[in-house]
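Morning, everyone. Take a look at the structure on the screen.

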Amino acid sequence: MDLYQGHENQGMRCIREIINQWGEVNDLDVLLDEFDVRQNLSIPDFSYDLYISSGGPGSPLESIEEEWDILYMDWLKNMQIYNNNNENEVKKQVFFICHSFQLACRYFNIANVCKRKSTSFGVFPVHMMEEGKEEAVFDGLNDPFYIVDSRDYQVIEPNHQLIRQLGGKILAIEKERPHVPFERALMALRFNEYFIGTQFHPEADAIGMSMYLQRKDKKESVIENHGVAKWESMVEQLLDPDKIMFTYSKILPNFLNQAIGITVPSFI
């Protein structure tokens, strides 16, 4: 599910590559369909084994009355009804990324979705909660592990009681920042047995992202908005095999394995 609204991005390319490579490694014939939610009002039916909902631009709050947002929330509600129906033995697994994660948090009303004081952009460590260490989708990750973050909004002040009632678990939170008086945001959450999401971009491909950032126009844009030190740091950390490349090879492949019942970790 493409929520990028036609904006140039690396997210959809990365998701395609992970799915295709995962299919090749596991010798599976994969049928991949894409739905442009925001531009074409395109929503998938229940015929798929699993769903990945992408990141995207803009506010997760101001679109609440837009047609695409209403359709997306209806799809979420109907997906939940489908999974709760005991007659449907095979449940539908959904992974929410960044903007989609914020929308899902808004839908379930499990935390405060709000604007950050400043943009979070770069490669950062993320810390697992105890339940994150037992999460199958996080299997093989270190604590902390490193992620690509790019957002103006955040999810804070979780309603722990409601999360437990939904069957959910907080899996990871952002890096500790003792020098600022702000609550640490949720970075990964299992909403229920079948829905899971991350505030960050687990699909970020280190090599592709590095080449993208070194394009003249993107380099100039990042330096203009975030400074040369941030650009240099991102390029350096993207190519560290223990950071983004490691996260890329674990989270979405683990989700794909879990969604169709592959018990032995396998990937690129």
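Let me start with a question: is F108 buried, partly exposed or exposed? Keep in mind that this is a predicted model. F108 comes out at 8% relative accessibility. The cut-off for buried is under 20%, so F108 counts as buried.

Now its partner, Y107. The ring centres of Y107 and F108 are 4.9 Å apart, and the planes stand at 80 degrees. Edge-to-face needs an angle over 60 degrees, so this pair is edge-to-face. Y107 itself has 24% relative accessibility, so Y107 is partly exposed.

Which residues form it? F96, F101, Y107, F108, F191 and F195 make up one aromatic cluster.

Next, the overall tally. The model has 14 aromatic pairs. One of them is F46 with Y82, and that pair is stacked. The centres are 5.0 Å apart, with 10 degrees between the planes. The two residues are 36 apart in the chain, so the pair links distant parts of it. F46 sits in the loop between α2 (37-40) and β1 (50-53). Y82 sits in helix α3, residues 67-84. F46 is partly exposed, at 32% relative accessible area.

The charged end of K243 sits over the ring of Y146. The distance to the ring centre is 4.7 Å.

On to the histidine. Where does H99 lie? H99 is in helix α4, which covers residues 99-108. Its relative accessible area is 1%, so H99 is buried. What does its side chain meet? A polar atom of the H99 side chain lies 3.5 Å from the backbone oxygen of G56. Setting aside neighbours within four places in sequence, H99 contacts L3, R38 and W68 among others. Its contacts also include the run G55, G56, P57, G58, S59 and P60.

Last item, the largest pocket. What is its volume? About 810 Å³. How many residues line the largest pocket? The answer is 34. Nearest its centre lie Y4, E8, F121, S150 and H201. Several elements give two or more residues to the lining. On the helix side, these are α1 (11-25), α4, α6 (206-213) and α7 (216-226). On the strand side, they are β3 (112-128) and β4 (145-156).

Notes. Residues are numbered from 1 along each chain as its sequence is written. This is a predicted model: local features need pLDDT of at least 70, side-chain atom pairs count only at pLDDT 80 or more; totals for chains, interfaces and linings use all residues. Side-chain values use heavy atoms; hydrogens and water are left out. Rings of Phe, Tyr and Trp (its six-membered ring) pair if their centres lie within 6.5 Å; planes under 30 degrees apart count as stacked, over 60 as edge-to-face and the rest as tilted. Helices (H or I, at least four residues) and strands (E, at least two) are DSSP runs, numbered from the N terminus. Buried means under 20% relative accessible area, exposed over 50%, partly exposed in between (1.4 Å probe, protein chains only). A charge sits over a ring if NZ of Lys or CZ of Arg is within 6 Å of the ring centre and within 35 degrees of the ring normal. A polar contact is a pair of N or O atoms within 3.5 Å; within protein, one must be able to donate a hydrogen and the other to accept it, and residues adjacent in sequence count only if both atoms are side-chain atoms. Contact means heavy atoms within 4.5 Å. On a 1 Å grid over the protein atoms alone, a cavity is a set of points where a 1.4 Å probe fits but cannot get out, and a pocket is an open set with protein on both sides within 12 Å along at least five of seven lines; lining residues have an atom within 4 Å of a point. Grid points are joined across faces, edges and corners, and a volume is the space filled by probe spheres set on the points.
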